[in-house]
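Notebook open, structure loaded. I picked a couple of spots to look up and jotted down what I found.

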Amino acid sequence: MAQREIVNRTKSQANTVWLFDFLQKYWLLCVGIIVCYPLLKKWYAKFTQDAEEKALEDAEKDLKIAVSNPMTKEIELNKITPRKEVHDIAESLAVWLGTNKQTKDSPWYTWITEPFSNFENEKETINELLKVKQVTTVPLVIGCYYVITRRDLKADLKKYLSTSELKKVPLFN
């Protein structure tokens, strides 16, 4: 057996070199922790997800699949309300706000491939919103808009319309 050579260090050398000695001895363990920590964290989060979040995520996936087909989209819209005029208002809002292409699941490059999704038509949007006369119709329009785009209508209105335009439609403030 080869004997290790004992190196006598001064006190200042010993204080500065301990980290290098540790890393030299345990470098494989340090690399393993750095690489495996994110994987273990993701795995732990996956198994600790509660049932309510899992059900919500599954419903979102089902809705995404259902909206991809026009027939199933109509069925999903009819679950909210059978009124065709509400469906038309929600679809028109999605088109005029440019969110019919920029859904929650669209890829990041949608702004390049669908250039009209970058622009909203405030005048037409306001005209569509003014078609809603009753307060009870507002949640139906918001629900239908969510089915079509999987986005929140009120958040999109605040994002894409100016405050002066939003004052014209007090039901959606």
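First, a term I need: a contact, or touch, means heavy atoms within 4.5 Å. This is a predicted model, where local features need pLDDT of at least 70 and side-chain atom pairs count only at pLDDT 80 or more, while totals for chains, interfaces and linings use all residues. Residues are numbered from 1 along each chain as its sequence is written, and side-chain values use heavy atoms, with hydrogens and water left out.

**Entry: K168.** I found K168 in the segment after α9 (163-166). Helices here are DSSP runs of H or I, at least four residues, numbered from the N terminus. Leaving out residues up to four places away in sequence, K168 touches I126 and L130. K168 and L130 sit 38 residues apart in sequence, yet their C-alphas are 8.3 Å apart in space. Is K168 buried or partly exposed? It is partly exposed, because its relative accessible area is 48% (buried is under 20%, exposed over 50%, partly exposed in between, with a 1.4 Å probe and protein chains only).

**Entry: T137.** I looked up T137 next, in the loop between α6 (122-130) and α7 (138-149). T137 counts as buried because its relative accessibility is 5%.

**Entry: α7.** Which residues of α7 are buried? They are V138, V141, C144, Y145, V147, I148 and T149. I noted that the buried residues of α7 pack against α2 (51-67), α3 (70-80), α4 (84-97) and α8 (153-160). After α7 comes R150, with a positive phi near 60°.

Notes
Helix = DSSP H or I, 4+ residues; strand = E, 2+ residues; numbered from the N terminus.
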